[in-house]
Amino acid sequence: MASSMLVKVTCLAMICLVLGIPLASAAPSCPAVQQTLTTCLLYATNPHGPPPEPCCNGIKTLHGQSQTPLDRRDVCGCLKSMMTNLKLNLPAVATLPKECGVDLGYVISPDMDCSKVN
C-alpha cells in the first residue's frame with residue numbers, strides 16, 4: 001500500500017514538472033519587462049558614459065528569457081509600448097543593447113515592426 005502511494009505521488013510530481021516547463025520558459029510579461037528595465041531609465045533619458053551594470057544585467061536577463069521568436073516579438077511589443085509613454089533619448093535607447101553586449105536582432109525604436117522580429 002505504501003509503495004502504491006509512492007508511485008502515485010511520484011507520478012503527480014512528474015506531471016507537475018512537465019506542465020510547469022512551458023510556464024517557466026514563457027516570455028516575461030510587459031510589467032515584468034518594465035520592472036527589469038527600471039534600472040535603465042536614467043541612462044535612457046539622460047545618457048552619460050556607459051550604461052549602468054544593473055541596466056545591462058536586466059537587458060541580458062530579458063534576452064535570455066526570450067527564447068522563441070514569439071517571445072522576442074512579445075518583448076519587442078512591450079519595449080515599443082514603453083517608448084510611447086516616456087520621453088527618452090532615442091539614439092541612446094537604440095544603442096543600449098549593443099553597449100551591453102547583447103544582440104537583440106532588432107534596433108529598439110518607436111517605429112520598429114515587432115511582427116518581423118525573429
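By residue class, the lining of the largest pocket consists of 17 nonpolar, four polar and one charged residues, where Ala, Val, Leu, Ile, Met, Phe, Trp, Tyr, Cys and Pro count as nonpolar, Asp, Glu, Lys and Arg as charged, and the others, Gly among them, as polar. The model is a predicted one, in which local features need pLDDT of at least 70 and side-chain atom pairs count only at pLDDT 80 or more, while totals for chains, interfaces and linings use all residues. Residues are numbered from 1 along each chain as its sequence is written, and side-chain values use heavy atoms, with hydrogens and water left out.

The chain contains six helices and zero strands, and along the sequence these follow the pattern α-α-α-α-α-α (helices, H or I, of at least four residues, and strands, E, of at least two, are DSSP runs numbered from the N terminus). Of the 118 residues in the chain, 29% are buried (buried means under 20% relative accessible area, exposed over 50%, and partly exposed in between, with a 1.4 Å probe and protein chains only). Among the contacts in the chain with a separation of 6 or more, 75% are between residues 24 or more positions apart, a contact meaning heavy atoms within 4.5 Å.

The largest pocket holds about 370 Å³ of space (on a 1 Å grid over the protein atoms alone, a pocket is an open set of points where a 1.4 Å probe fits, with protein on both sides within 12 Å along at least five of seven lines, and lining residues have an atom within 4 Å of a point; the volume is the space filled by probe spheres set on the points, which are joined across faces, edges and corners). The lining of this pocket is made of 22 residues, and those nearest the centre of the pocket are Leu-37, Leu-79, Met-82, Leu-96 and Ile-108. Two or more lining residues come from each of α3 (41-45), α4 (53-65), α5 (69-85) and α6 (90-99), and α5 provides the largest share, with five residues.

The largest nonpolar core comprises 27 residues, of which Val-33, Leu-37, Ile-59, Leu-79, Tyr-106 and Ile-108 touch the most other members (a nonpolar core is a set of buried Ala, Val, Leu, Ile, Met, Phe, Trp, Tyr and Cys residues joined through side-chain atoms within 4.5 Å). At least two residues of this core are supplied by each of α3, α4, α5 and α6, and α5 gives the most, with six residues.

Leu-37 and Ile-108 are named both among the residues nearest the pocket centre and among the core members that touch the most others. When residues up to four places away in sequence are not counted, Leu-37 touches Gly-58, Ile-59, Leu-62, Leu-79 and Met-82. Met-82, in turn, is found in helix α5 and is buried, because its relative accessible area is 15%. With residues up to four places away again not counted, Met-82 touches Val-33, Gln-34 and Leu-37; the C-alpha atoms of Met-82 and Val-33 are separated by 9.4 Å, although these residues are 49 residues apart along the chain.

Ile-108 is placed in the segment after α6 and, at a relative accessible area of 9%, is therefore buried. Beyond its neighbours within four places in sequence, Ile-108 is in contact with Leu-79, Met-83, Val-93, Ala-94 and Pro-97.

Arg-73, found in helix α5, counts as partly exposed because its relative accessibility is 28%. Leaving aside neighbours within four places in sequence, Arg-73 is in contact with Cys-114, Ser-115, Val-117 and Asn-118, and the C-alpha atoms of Arg-73 and Cys-114, 41 residues apart along the chain, are separated by 5.3 Å. Gln-67, in the loop between α4 and α5, has a relative accessibility of 53% and so counts as exposed. Gln-67 and Ala-27 are 7.7 Å apart in space, C-alpha to C-alpha, and 40 residues apart in sequence.
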